[in-house]
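This report describes the local geometry, charge pairing and nonpolar packing of one protein model. The sequence and structure are shown first.

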Amino acid sequence: QVQLVESGGGWMQAGGSLRLSCTASPRTVAYTMAWFRQAPEKEREFVAAISRIGGSILYADSVKGRCTMSRDNAKNTAYLQMMSLKPEDTAVYYCAAKYGPRALEARQYDYWGQGTHVTVSS
């Protein structure tokens with residue numbers, strides 16, 4: 001069983017930046033890691049996913065160019081650096097993990113964190 005704990009959310013002004021962290025236990029080196037987000041009254045949507053070693057990353061079109069996902073397997077932690085924040089980035093951000101290759105659909109992930117709230121004001 002993998003436990004994921006997100007941190008780094010909060011209230012931001014548009015144009016700002018933030019870094020979300022996802023710390024896992026036990027070790028996550030065997031897992032693909034991803035970030036999803038869910039805005040009020042909307043479905044959970046894919047944000048980014050990173051391969052086990054970190055050499056390959058997928059981004060949603062909505063964040064491409066503004067987000068950088070990375071991981072530090074020695075710290076069992078994945079990160080999501082977001083820049084040029086927009087009000088439409090307001091959502092609960094979830095960390096997820098799975099065996100096997102990266103995937104875009106939430107149902108393909110086996111483990112989830114509780115989420116961290118991000119609010120971006122204009």
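## A charged residue to begin with

Is Asp89 buried or exposed? Asp89 has a relative accessible area of 0% in this predicted model, and because the limit for a buried residue is under 20%, Asp89 counts as buried. The residue is a partner in a salt bridge with Arg37, in which the closest N and O atoms are 2.8 Å apart. Arg37 belongs to strand E4 and Asp89 to the loop between E8 and E9, so the bridge ties together parts that are 52 residues apart in sequence.

## Salt bridges

Side chains of opposite charge can pair when their charged atoms come close. The search of the whole structure gives 5 salt bridges. Besides its contact with Asp89, Arg37 forms a salt bridge with Glu45, and here the closest N and O atoms are 2.6 Å apart. Arg37 is buried, with a relative accessibility of 5%, whereas Glu45 is partly exposed at 34%.

Another salt bridge is formed by Asp61 and Lys64, with 3.2 Å between the closest N and O atoms. Asp61 is exposed at a relative accessible area of 67%, and Lys64 is exposed at 51%. Through shared partners, salt bridges join Arg37, Glu45, Arg66 and Asp89 into one network.

## Backbone geometry

Most residues other than glycine have a negative phi, and most peptide bonds are trans. Against this background, the peptide bond between Ser25 and Pro26 is cis, with omega at about -10 degrees. Pro26 is located in the loop between strand E3 (18–25) and strand E4 (32–38).

Asn76 is not a glycine, yet its phi is positive, at about 55 degrees. The loop that holds Asn76 runs between strand E7 (67–72) and strand E8 (77–82). Asn76 is buried, its relative accessible area being 16%. Ser84, also a residue other than glycine, has a positive phi near 45 degrees. Ser84 is placed in the loop between E8 and strand E9 (91–98), and a relative accessibility of 42% makes it partly exposed.

## Aromatic pairs and charges over rings

The count of aromatic pairs comes to 7. One of them is the tilted pair of Phe36 and Trp112, with 5.1 Å centre to centre and 55 degrees between the planes. This pair links distant parts of the chain, since Phe36 is in strand E4 and Trp112 in strand E10 (residues 111–112), 76 residues apart. Phe36 is buried at 1% relative accessibility, while Trp112 is partly exposed at 25%.

Trp112 also pairs with Tyr109 in an edge-to-face arrangement, at 6.3 Å centre to centre and 65 degrees between the planes. Tyr109 is buried, with 5% relative accessibility. Ring pairs connect Phe36, Phe46, Tyr94, Tyr109 and Trp112 into a cluster. Two rings of this cluster are also involved with charged side chains: Arg44 lies over the face of Trp112, 4.8 Å from the ring centre, and the charged end of Lys98 sits over the ring of Tyr109, 6.0 Å from its centre.

## The nonpolar core

In soluble globular proteins, nonpolar side chains tend to be buried together. Which residues have the most contacts inside the largest nonpolar core? They are Leu4, Met33, Trp35, Met69, Leu80 and Tyr93, in a core of 36 residues. Two or more residues of this core come from each of E3, E4, strand E5 (45–50), E7, E8, E9 and strand E11 (116–121).

Met69 illustrates the packing around one of these residues. Leaving aside residues up to four places away in sequence, Met69 touches Met33, Ala34, Trp35, Ala48, Ala49, Ile50, Ile57, Tyr59, Ala78, Tyr79 and Leu80. Among these contacts, Met33, Trp35 and Leu80 are themselves listed with the most contacts inside the core.

Conventions:
Residues are numbered from 1 along each chain as its sequence is written. This is a predicted model: local features need pLDDT of at least 70, side-chain atom pairs count only at pLDDT 80 or more; totals for chains, interfaces and linings use all residues. Side-chain values use heavy atoms; hydrogens and water are left out. Helices (H or I, at least four residues) and strands (E, at least two) are DSSP runs, numbered from the N terminus. Buried means under 20% relative accessible area, exposed over 50%, partly exposed in between (1.4 Å probe, protein chains only). A salt bridge is a side-chain nitrogen of Lys or Arg within 4 Å of a carboxyl oxygen of Asp or Glu. Rings of Phe, Tyr and Trp (its six-membered ring) pair if their centres lie within 6.5 Å; planes under 30 degrees apart count as stacked, over 60 as edge-to-face and the rest as tilted. A charge sits over a ring if NZ of Lys or CZ of Arg is within 6 Å of the ring centre and within 35 degrees of the ring normal. A nonpolar core is a set of buried Ala, Val, Leu, Ile, Met, Phe, Trp, Tyr and Cys residues joined through side-chain atoms within 4.5 Å. Contact means heavy atoms within 4.5 Å.
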